[in-house]
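Trainee: I would like to learn how to read a structure like this one feature by feature. Could we go through it together, taking the general idea before the particular case?

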Amino acid sequence: MKQNKVTKINQLKETQYLSLYEAEYENKVGNIKTWTIASRKNNETLQKQFFENKEDTNDGVIIAAYHKEKNKLVIIRQFRIPLNNYVYELPAGLIDSGENEKSTIGRELMEETGLEIVDIIENRCADKVYISAGMTDEALALVFCTCTGEISDENLEEDECIEPLLISQEEAIELIQKREKFDIKCFLVLQSFSLLGEKLFIE
């Protein structure tokens with residue numbers, strides 16, 4: 001079966017956290033087309049992934065955390081510039097240079113919610129997921145875990161406007177029925193939690 005084949009990657013714009021690339025490709029009927037890609041990766045890394053079979057690596061983490069003592073799911077409500085509004089999300093963040101995924105999970109959960117990880121639920125985790133593959137190659141580790149502590153917004157960075165929330169199974173049912181703005185990852189985990197409750201976090 002014939003398929004599209006990328007033949008060239010040109011960098012259009014580079015910023016601190018995101019770059020734009022133009023991919024030239026030959027489609028399955030032989031026509032040459034272009035596609036714009038937003039990526040967290042630098043030009044050298046992207047070239048190696050496309051043309052030297054270098055393995056894709058995770059850019060960040062998504063954290064589905066359950067507070068066992070309070071029997072509640074951890075979510076956040078965050079102001080996002082592209083939406084010019086608040087949106088319900090899961091705690092998440094980029095993997096900093098020199099970090100591994102586990103240290104990023106602990107740091108981001110503490111920064112965004114004030115909570116500490118207790119256990120990672122390995123059989124619920126996904127090593128690599130893609131959120132909007134038609135626009136970006138951003139790869140994220142989806143991690144299910146348990147946590148402890150009291151929620152706090154005292155560790156936020158100066159540009160972060162985040163309200164951390166603990167949501168019961170009943171509150172999850174009510175929230176997904178409202179006409180609110182949801183990140184898709186948060187919405188799907190909320191749906192699962194509304195149906196399964198604590199069972200979602202049992203190995």
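This is a predicted model: local features need pLDDT of at least 70, side-chain atom pairs count only at pLDDT 80 or more; totals for chains, interfaces and linings use all residues.

Trainee: Before we go on to other residues, how many helices and strands does the protein chain have, and what share of its residues is buried?

Mentor: The protein chain has 4 helices and 11 strands, and buried residues make up 39% of its 203 residues. Taken along the principal axes, the C-alpha atoms fill a box of roughly 55 × 35 × 35 Å.

Trainee: Which residues does UniProt list for a domain here?

Mentor: UniProt, in an unreviewed entry, lists residues 56-189 for "domain: Nudix hydrolase". In the model this span is 20% helix and 38% strand, and its end C-alpha atoms lie 25 Å apart.

Trainee: How should I read a pocket, and what is the volume of the largest pocket?

Mentor: The general idea is that rolling a probe the size of a water molecule over the atoms shows where empty space is left. In this structure the largest pocket has a volume of about 1,500 Å³, and 42 residues line it, with R40, Q78, R80, L94 and E138 lying nearest its centre.

Trainee: Which element gives the most to the lining of the largest pocket?

Mentor: Helix 2 gives the most, with 4 residues. Among the elements that each supply at least two residues of the lining are strand 3 (32-39), strand 4 (60-67) and strand 5 (72-80), as well as helix 2 (101-113) itself.

Trainee: Let us turn to charges: how many salt bridges does the structure hold?

Mentor: Side chains of opposite charge can pair when their charged atoms come close. The structure holds 14 salt bridges, one of which joins the side chains of D59 and K41 at 2.9 Å, N to O. D59 lies in the loop between helix 1 (43-51) and strand 4, whereas K41 lies in the loop between strand 3 and helix 1, so the pair ties together parts that are 18 residues apart in sequence. Both partners count as buried, D59 at 10% relative accessibility and K41 at 6%.

Trainee: Which residues are linked in a network of salt bridges?

Mentor: The network links D96, E99, R107, E108 and E111. Within it, the side chains of D96 and R107 meet at 3.4 Å, N to O; because D96 lies in the loop between strand 7 and helix 2 while R107 lies in helix 2, the pair ties together parts that are 11 residues apart in sequence. R107 also meets E111 in a salt bridge, at 3.5 Å, N to O, and these two residues, being 4 residues apart in helix 2, are separated by about one helical turn. As for cover, D96 is partly exposed at 40% relative accessibility, whereas E111 is buried at 14%.

Trainee: Finally, which residues form a nonpolar patch on the surface?

Mentor: I131, I184 and L188 form it, with about 250 Å² of accessible area together. I131, placed in the loop between strand 9 (126-130) and strand 10 (139-148), is partly exposed, with a relative accessible area of 34%.

Conventions
Residues are numbered from 1 along each chain as its sequence is written. Side-chain values use heavy atoms; hydrogens and water are left out. Patches are made of residues with over 30% relative accessible area and no salt bridge: like charges are joined within 9 Å, nonpolar side chains (Val, Leu, Ile, Met, Phe, Trp, Tyr) within 5 Å. Accessible areas come from the Shrake-Rupley method with a 1.4 Å probe; for residues, only the protein chains shown count as cover. A salt bridge is a side-chain nitrogen of Lys or Arg within 4 Å of a carboxyl oxygen of Asp or Glu. Buried means under 20% relative accessible area, exposed over 50%, partly exposed in between (1.4 Å probe, protein chains only). UniProt positions are given in the numbering used here, feature names are shortened, and annotations may be inferred rather than shown by experiment. On a 1 Å grid over the protein atoms alone, a cavity is a set of points where a 1.4 Å probe fits but cannot get out, and a pocket is an open set with protein on both sides within 12 Å along at least five of seven lines; lining residues have an atom within 4 Å of a point. Grid points are joined across faces, edges and corners, and a volume is the space filled by probe spheres set on the points.
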